[in-house]
Amino acid sequence: MDVKEAGASLDALVSSFNSRIAELQQLVVARNMYPASSISELSAIDAALKGMELQVQNIKNRLHDETRAIPKAKKLIEAALQQQKKLESISACVPSCMPERIVYSNWDENKWAQTEQCQQDLGFESLKLEEPAPKGKKGRVSPPMWYITAEELNSVPSYMKQRLTLDKVNAAIGDMVNYAEANAQLITAPRKKLADNNLDKALELREISMADSVKGNHFFLESDIKGPSLKLDNTGRALLPVLRHLGRIRETRIGHHRVYILLKP
């Protein structure tokens with residue numbers, strides 16, 4: 001029962017009391033007229049009044065409990081509003097079309113890369129038979145999906161931002177994460193799990209991953225940029241400087257490759 005309901009109950013109770021008092025006055029008059037026959041009626045009134053007193057006490061107890069609960073309810077409402085603001089902020093940054101994770105479909109038919117066993121075995125089998133792959137912790141950390149906010153995009157100089165929108169920039173970030181994820185799968189895949197047409201690229205990516213400027217980070221190559229949102233067109237060439245400016249990527253050259261490194265929050 002909330003405060004409004006309790007107030008309505010009290011109003012009804014007052015009205016009931018007034019009605020009972022009026023009846024009692026009538027019975028007192030009747031007792032003087034017929035003393036012997038008024039005892040049962042007075043007993044009934046006494047029982048009714050005791051019941052009403054008990055009901056009033058129960059209402060008071062409930063109101064006391066509800067009053068004590070109000071500060072807790074206010075804290076819960078404040079926490080819920082803060083959470084709502086966070087969710088709205090996150091929702092504003094997420095692109096309208098979420099990218100799907102890339103998994104190489106031309107590996108063996110057991111789809112080793114999509115199983116939990118993949119996460120347990122990563123980094124423990126060599127791409128080159130004569131050179132063991134560097135050991136690491138079991139499992140593999142996913143590339144950082146670090147979207148930008150509207151405030152960050154607004155902070156970018158107009159000449160650099162051009163006509164880029166928040167949705168386009170964050171969709172491009174989703175593509176970059178996919179490129180880096182696909183490269184990480186090739187780097188950590190055992191040789192026997194790779195198709196022949198992926199082996200050369202896997203060896204090349206692994207060599208790049210050992211460079212001091214790249215080691216320990218997720219990365220993709222300029223040659224990996226093939227859309228669907230990030231392409232090597234005018235929009236794509238405008239996106240990359242913006243993302244460098246906002247600290248989402250770092251660029252370096254290794255051999256003939258332009259390498260883009262995903263930075264962590």
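This report covers the fold, the sheet and the helix packing of a predicted model.

## Basis

Residues are numbered from 1 along each chain as its sequence is written. In this predicted model, local features need pLDDT of at least 70, side-chain atom pairs count only at pLDDT 80 or more, and totals for chains, interfaces and linings use all residues; side-chain values use heavy atoms, with hydrogens and water left out.

## Overall make-up

The protein has eight helices and three strands. Helices (H or I, at least four residues) and strands (E, at least two) are DSSP runs, numbered from the N terminus. From that end the order is α-α-α-α-α-α-α-β-α-β-β.

Of the 265 residues, 32% are buried. Buried means under 20% relative accessible area, exposed over 50%, and partly exposed in between, with a 1.4 Å probe and protein chains only. Contact means heavy atoms within 4.5 Å. Among contacts between residues at least 6 apart in sequence, 70% join residues at least 24 apart.

## The sheet

Three strands form an open antiparallel sheet in the order β1-β3-β2. Strands count as paired if DSSP finds at least two bridges between them. β1 and β2 are the edge strands, each with a single partner, so one side of each has no neighbour in the sheet. The twist averages 30° from one strand to the next.

β3 spans residues 257–262, and five of its six residues are buried. Three bridges tie β3 to β1 (residues 219–221). Here Leu221 stands opposite Val259, and Phe220 has Tyr260 as its bridge partner. Six bridges tie β3 to β2 (residues 249–254). On that side, Arg250 stands opposite Ile261. The β2–β3 hairpin has two residues between its strands, and Gly255 takes a positive phi near 65° there.

## Thr252

Thr252 belongs to strand β2. Thr252 counts as buried because its relative accessibility is 18%. Neighbours within four places in sequence aside, Thr252 touches Ser213, Val214, His257, Arg258, Val259 and Ile261.

## Helix packing

The axes of α6 (residues 166–188) and α7 (residues 196–209) come within 8 Å and cross at roughly 95°. Axes are lines fitted to C-alpha atoms, for helices over the stretch in contact, and angles run from 0 to 180 degrees between N-to-C directions. From α6, the contact uses Asn183, Leu186 and Ile187; from α7, it uses Asn198, Lys201, Ala202, Leu205, Arg206 and Ser209. These residues divide into four nonpolar, three polar and two charged. Ala, Val, Leu, Ile, Met, Phe, Trp, Tyr, Cys and Pro count as nonpolar, Asp, Glu, Lys and Arg as charged, and the others, Gly among them, as polar.

α7 has 14 residues and reaches 20 Å from first to last C-alpha, close to the 20 Å expected at 1.5 Å a residue. The expected span is 1.5 Å times one less than the number of residues. Buried residues of α7 are Asn198, Leu199, Ala202, Leu205, Arg206, Ile208 and Ser209. Their cover includes α6, β1, β2 and β3. Another helix, α8 (residues 234–245), lies across β2 and β3 and runs at about 110° to β2.
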